[in-house]
Amino acid sequence: MFKGSFPALVTPFRNGEVDWDTLGKLVEWHIGEGSHGLVPVGTTGESPTLTHIEHERVIAEVVRAAAGRIPVIAGAGSNNTLEAIRFMRHAADVGADAALVVTPYYNKPTQAGLIAHFTALHDCCELPIIIYNIPGRSVVDMTPETMGKLAQLPRIIGVKDATGDLARVCTQRIACGKDFLQISGEDATAHGFNAQGGRGVISVTANVAPKLVAQVQEATLAGDYATALDLQDRLMPLHRAIFVEPGLVGVKYAMSRLGLCSEEVRLPLVGLSDPVKALVEDGLRHAGLIN
């Protein structure tokens with residue numbers, strides 16, 4: 001069920017409020033463009049600045065709009081275990097297929113603390129969990145050894161790995177087993193990640209180029225790395241441009257150029273600077289998405 005391209009879905013805003021109509025249209029568009037699943041209310045979905053009520057409604061609306069046609073992995077992370085349990089249970093109640101749970105940020109738990117946190121979430125409901133390991137944001141790195149211990153729990157099924165270390169995939173295969181799902185969290189190296197044993201990407205760029213990102217994934221999963229590399233060459237300038245400033249800001253601007261949603265973000269984030277807008281537009285042209 002969980003392989004291929006999973007856009008880390010943006011949360012569209014209009015005049016400071018969630019644009020619910022556009023959110024539903026984005027789900028339909030992604031299904032039509034060939035995305036293999038959706039991940040609402042991750043970092044790219046602006047989870048830090050959504051209220052709890054908004055967070056839960058976004059998950060529910062995306063599940064409803066997807067209507068079982070593609071899987072939905074609900075963002076359910078927090079550095080407060082009780083809050084993450086609330087998000088996990090809600091996602092399970094509304095019919096999400098799995099939860100994406102980030103390693104707790106800011107409070108810097110030990111490896112023992114990570115095991116206790118994820119075990120509590122595993123035990124709170126029946127929803128499968130994909131660990132989100134992103135030490136650059138959370139300032140804690142779950143080691144392969146720790147992940148191997150958690151992989152023994154039946155509903156901890158995989159990891160979104162945003163370490164940027166492609167060798168980590170092989171190390172985690174040894175620690176967690178070949179059936180443990182490894183999904184890339186970094187667009188620029190996702191095709192190489194699959195060569196090491198990965199099976200997909202949770203992608204920022206797929207918000208604006210879902211068909212191309214899905215085609216890269218389909219090629220790698222079929223073992224056709226020559227085709228994947230040609231497609232990656234088309235996407236690479238866009239990958240790079242989107243992340244010059246915060247990625248969700250970059251991709252919302254790119255989406256606005258295609259008429260998909262507004263570029264509006266919430267403070268403390270602000271819109272792209274003009275030089276970076278030019279870089280994003282160059283990336284869109286290189287990918288063949290605008291003239």
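This report covers a helix crossing and some salt bridges in a predicted model.

## Ground rules

Local features need pLDDT of at least 70, side-chain atom pairs count only at pLDDT 80 or more, and totals for chains, interfaces and linings use all residues. Residues are numbered from 1 along each chain as its sequence is written, and side-chain values use heavy atoms, without hydrogens or water.

## Two crossing helices

Helix α11 spans residues 247-257 and helix α12 spans residues 274-286. Helices here are DSSP runs (H or I, at least four residues), numbered from the N terminus. The two axes come within 10 Å and cross at roughly 60°. Axes are lines fitted to C-alpha atoms over the stretch in contact, with angles from 0 to 180 degrees between N-to-C directions.

Gly250, Tyr253, Ala254 and Arg257 of α11 make the contact with Lys277, Val280, Glu281 and Leu284 of α12. Contact means heavy atoms within 4.5 Å.

## Salt bridges

The whole structure holds 14 salt bridges. Each is a side-chain nitrogen of Lys or Arg within 4 Å of a carboxyl oxygen of Asp or Glu.

Glu281 and Arg285 form one, at 3.7 Å from N to O. Both lie in helix α12, four residues apart, about one turn of the helix. Shared partners join Arg257, Glu281, Asp282 and Arg285 into one network.

Glu56 sits in helix α2 (residues 52-66) and Arg86 in helix α3 (residues 81-94), 30 residues apart.
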